[in-house]
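Thanks for coming. I will walk through one structure, going from a single residue out to the chains.

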Amino acid sequence: MPRWGMVFDLKRCIGCNACTIACKQENTTPDRVLWTKTVSEEIGTYPNVTRAYIPLICNHCEDAPCERVCPTKATYTREDGIVMVDENKCIGCGACATACPYKNRYKLHQEQFDRGLYRSGQLTPFEKQGYGRFVAGTTVKCTFCHERVDAGLEPACVITCPTEARIFGDLDNPSSKARRIIQARKGYQPLAQHNTKPKVFYVE
Amino acid sequence: MNNHPVQNSMKEGKWVTSTCKMCLHSCNTLVHVTREGIVNKVEGNPSSVSNKGRLCPKGNCALLRLYDPQRIKSPLKRTNPKKGPKEDPGWVPISWEEAFDIVGRELKKTLQEDPRKLLPAINDFQKLFLWAWPAAFGMNANYFTVVGTYCGGGYHPMNGMVHSTFAAANDVDYCNYWMNVGSGDGFSSHLHVASAANYMANARVERGMRVVVVEPRLSIGGAKAEEWIPIRPATDRQFALGLCHVLVKEKLYDVEFLKKDTNAVYLVGPNGYFLRRKEDNKCMVWDPVDQKAKAWDDESIKDYALEGNYRVDGVTARPAFQIFKDTLNDCTPEKMSEITTVPTETIERIAREFATAAQIGSTIRIDGRSMPFRPAAFNYYRGAQGHKNGSLTNHCFKLVNMLVGNIDTPGGHIGCTLDDQWVDKGHVAPGDDGMLKPMPHQLHPEIPFAYPPNTTHLQDYFPLGVDPGHLNNITLTNPERFGFNFYPDTMLICHSNPLWNMPGDQAKWFEIMRKMRFIVAIDIVLNESTVWADVVLPADDTLESWNMTMIEPTNTEGMCLRQPVIPRLYDSKSEEEIFNEISERIGILDVWNQIQNFVCGFPQKPELMLEPGKKYNDRDIAERKGLLWNDKPIEWYQEQGHAVTKRRSDKWYRPWEGMRLHFYIEYILQRRDELKENMEKADVPFRHEWSWGDYQALPDARLDPVHQEPREYDMYAITFKDIQINFTENLSIPWISDIVYKDPVHMGILINPKAAAARGIQNGDVIRLTSPYGKITGLAKVTEGIHPETVGVSNALTRWVDYHMVIKPGGGNFNRLLPADLRNTDACSGQMETVARVKVTKVRSRPANADEFIKSQFYAD
C-alpha cells in the first residue's frame, strides 16, 4: 500500500496559481474555497530584496489533529494516507478547522452555492453539475484528488503546474520521484514543531 | 457512499482535443465533456511537446469564459442614441437578419462614400487573417488600436530586420546565462507562457542555468532569478550600451562571427551609407593583409578589418564595427551608471559574466550539423523596448547578442516566426550584397507613402513601422493640421478594447468615439469600447468554434486545432461567418476571399485556394490551414489536436547560413531618405516635426524625451502584467479576479518605502499619479520590490467598467498618464512611449469603502 504525499519545489514555483484554479475546475469548489493556493512573501529591503512563492495545501498529516478532534469520526485517514472528510457524518462543528495548525479547512455555507462563482445568483452549468457533491454546513478540504489517485492519475494541481513545482508520489517508495527529491534536497515539513507529521514536504 | 465520481475529470464523458485561446498563444488542450454535455474540465494535452500537458492559470479558466453569464447572447441593438462612458446603451436583442441588415446598410454607405472613413480595431490574434479584412474594404489601412505597437512597435520591425521574424527568444534548450531585461519570458508573460515557464524551470533547476533580471520592478522573473538588478525606467538601452562598451573595449566579442556572419566589416562612408565600388556598386571591406579595399565577395580576401580608418576612392571610410566602437566612447560604464542607476561595477561584472558564459569559440553538433555554441543571451521585451527611441533600443539589444555571436545560434538569442504556414517553408531570404533581406513588415505589407494621408494613424509615414494607433488621438481631433481629405465616421471593433489599450488624452478619445455615425462590435463579452457600439454581434466562444493556429511558438512548431466541443450555447456565430455575411452584403466577398488566400498562404498549395462567390466558414479555413501545414486532413487534427513538434533545427538555428546579418542597418537610412524626399516633394506640412534622428544605422546613448519632462514630475510610472493577466486580461472571470486581487502586486500602486515616506504616504493610502498628460488614483501598496524613483501600476487596476460582476474598477487607466504625440513616438518604428513621468501625492488615508472611492475617482476632475 502506498503512502501518498506531495513535495513542493520552491525553486520552481512561480506563484502563478494555475494549481489553485485547476483544483477549482476539478473539484467545483464554491466561491472563496481554495483547497490549494500559493501565497507570496517579500524578503529583504531594496535593493537586496526577493519574493518567495509558497504553495499551500492540506498536509494530510500522519497524526492529524483534525481527525483526533472530530466528534463524529467524519474525518478519517484512508489506508494510503489520504485524510478525508465523510460529508454524511460531518456535523459542521468546526472543531477540525480550529485544530488544524495550517488553516486548510473550509466550512461551506449555503449562500456560497446560491450566489455562485459570479456572485450573481446565476449558476453556470459547470457549477450545477458539480455542486451536488457538497453539503452546506459541512467542512471540506483537499482530498489529494482521491478519485484520480485511485485511477492511477496524479492530482489536478500537479498535472497542470507549468513549472513542475508539485511532485506527487509514494513516500514509502525509495525510488519514487517525491522520495528521491526529499532525500536529495533535504525536504522539510511545514510547521514541523506541531508534530503532526505532514505528508507534504518543501524543498528549496 | 455513492459510486458516482465527484471529481470532474473522472465523471463519465469524453475528452476532445482543442487549443487554448485564453491568451493570444496556442497551448494544446484536452476538454472533458460529461455525458450530459457539460464542459467540466480543461487540461493541457500531454502529447504536446510545447505545453506538455500543462496550463497557466488563464488556460485553466477556459470553461468559465464559455459559461460566463455576462456573455453576449444574441445580436444587440442600441436604443439610447447618447453615447458616453456613463450612458446605458439600452441594449435590445435583435435577430441576426436585422443585425446584418443594419450593419450591411451602414457599412455599404461608408464603403460607397469613402472606404477610408472606416476605423477598424480587429485584434483576434488566433485569427490573424481577420486583421486583413479592412484591405478588402476598399484597401482601408486604418488602425484604431495599439495592439502590436504598445508591446512591440520597435520590437517587431527590428526582429524582422535582424532575424526575419516577428519575435525572438533565448534558446532555452541550451542557454546557460539568461538575461531578462524588461521582459517576462519564461516566468510571467509573452510567448507561450505555460510552455516557456516549464522549459525555463527545467533549465534553471536541472541544468543550473543562471538568470539575471534587469527591471524597475521585482517581477516573478526577478524574484526567481539569481540576481535582480533594479534600473531606472527607460534607460535599458544605456545599460545595454554600457555592456557593449565593456565587451568591445575588453575585446570580449566573437571576431569570427562578426567577420563572417555580419556586415560589421562593411566599409561605411562619411554619409553613413556603405561605400560601394564604382564599377558594380558592390559593398566593400578592407583586407588588412593586402592593405586594400575589396568588394565584399572578392575571393582573394585574406582577412577582414573590423577596426580602423581607411582612405578609399578619395574618402575616409570605417568598418561598421569601428563606427560602433567610436560611439561607445561616450558609453562608459560610469556614464551609463549615472543614467541607469545600475552601479558601474555591476555593468562591468555582468558584461564579463555574459561574455564568459557565451563560450566564444566553442561549437556544438545538433542533428548532424556542427555550429557555434553560445549559451548566453540577452532577452528583452515590452518594458525595455517600449520607448520613444524604440528602434535604437531594440537594435542595441540585438548588438549585445551579436557581439558574442549568439544570434540564431544554439544557446543564444533566436528569431521566432509568427506563423510559418507550411512546415517546409523557410522564413529567410537573401538580400543585397550578401546580406539577409530585411523584413520589417511582419503583420501586413508596407503602406505606401501618400499625402494627403490615407490612414488616420499616419502609417503612410512609417515605412519601417508598426501601426502607431495612438496617433489617432491627435489626428482625429485636429484633422486640418494633418491635411486629411476625409474624416472617419464608422468603426468596426472585433475582439479589441481600443479605448482601454490606447494611450493619450481620455477626453479626446471620448470625443472621437462620439463623432462616429455607426459603430459595430464583434466580441464575446462587452468592454469599455464596445459599450459605445450601435450594434453588437456575439462571437462564438473558443470551445464552440473551429480554428487552426500556430502563433509565435519559440522552440516548437506546428498547427494547433480548435474544434467545437459542445454546440453553441447562445445565438452566436464564428468570426468567419460574420465577416463573410457582411462582405457579401456590401459586395466585397470575392475580394475578401482573395485576401484570405494571400494572408493564409493558400497559393502555396493552389488546390486550397478559396474561390470567388463562395463563403468559407471557420471549419473550412481551419481545414485548409491544416492541409497547408502538413497535408493532414482535419479529421487527423481532430484526433491528434495538433501537429506540434520541436522546431526543426534547420529553421531554428542559423537558417541564414551563408548570408550576413545586419549589424549596421543601412536599410534604415535608405528608408529615411526616401521618406524625406517623398515628404519634401509632397510638401507635407508636418515634416519638420518628424524626428529624423530616430532613424539610425547604429544606436547611441541619446535620452528618450520622457526624461526631459518638467522636474515637478519627479517619479516614473510603469505598468505591468503577470501570468494571471498575460496578454488578454480576464478579470471578468471570477477565478482570475480571485487570485489577482489576493496578490499583493495587484492590490495597489506599488511604491518604494523611501518614496512613500518622503511624500507622507502610508500603505493603503489613496494616492494620485499626475503626469503632464493625465492622472489616475489608487491605493498605495508599499513594497521593497520597486526602484525608489518608480511607481508600478498593475494592468489589473486599469479597468473602469462596472457591469462585469467580479471586476474591481480602478481609479483611472494607466494609459491616460501617457502622451500620444509625435514627440514621444519613434518616427522610425511608430513605437509609443510606455513610461510616464508623474508626481505622486497623497489624497487621503484609506476610506472604509476603498473600492467604491477609487472607482468614483475615474470620473472625478
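Where is Tyr143(B) found? Tyr143(B) is in the loop between helix 3 (133–136) and helix 4 of chain B; helices here are DSSP runs of H or I with at least four residues, strands are runs of E with at least two, and both are numbered from the N terminus.

Before I go on, some housekeeping. This is a predicted model, in which local features need pLDDT of at least 70, side-chain atom pairs count only at pLDDT 80 or more, and totals for chains, interfaces and linings use all residues. Residues are numbered from 1 along each chain as its sequence is written, while chains are lettered from A and ligands numbered from 1 in the order in which they are written.

On confidence, chain B has a mean pLDDT of 96, and 100% of its residues reach 70 or more; pLDDT is the predictor's confidence in each residue, from 0 to 100. The model's scores are ipTM 0.98 and pTM 0.97.

Back to Tyr143(B). Is Tyr143(B) buried or exposed? Tyr143(B) is buried, with 31 other C-beta atoms within 10 Å. The cut-offs are 20 or more other C-beta atoms within 10 Å for buried, 12 or fewer for exposed, and partly exposed in between, with C-beta atoms placed from the backbone. Leaving aside neighbours within four places in sequence, Tyr143(B) is in contact with Pro120(B), His457(B), Gln459(B), Asp467(B) and Gly469(B). Contact means that the C-beta atoms of two residues, placed from the backbone, lie within 7 Å. Tyr143(B) and Leu471(B) are 328 residues apart along the chain, yet their C-alpha atoms are separated by 9.9 Å.

Not counting residues up to four places away in sequence, Ile360(B) touches Asp254(B), Val404(B) and Gly405(B).

Now the domains. Chain B is assigned domain 1 (8–66), domain 2 (76–151 + 443–468 + 486–628 + 639–649), domain 3 (171–416 + 665–673) and domain 4 (705–856); such bounds come from an automatic or database domain assignment. The C-alpha centres of domain 2 of chain B and domain 4 of chain B lie 30 Å apart. Their contact takes 20 residues from domain 2 of chain B and 19 residues from domain 4 of chain B. On the domain 2 side, helix 4 (149–152) and helix 17 (498–501) of chain B each supply at least two residues.

Last, chain A itself. Chain A has 8 helices and 9 strands. Along its principal axes, the C-alpha trace of chain A spans about 45 × 40 × 35 Å. Buried residues make up 47% of the 204 residues in chain A. Of the contacts in chain A between residues at least 6 apart in sequence, 60% join residues at least 24 apart.
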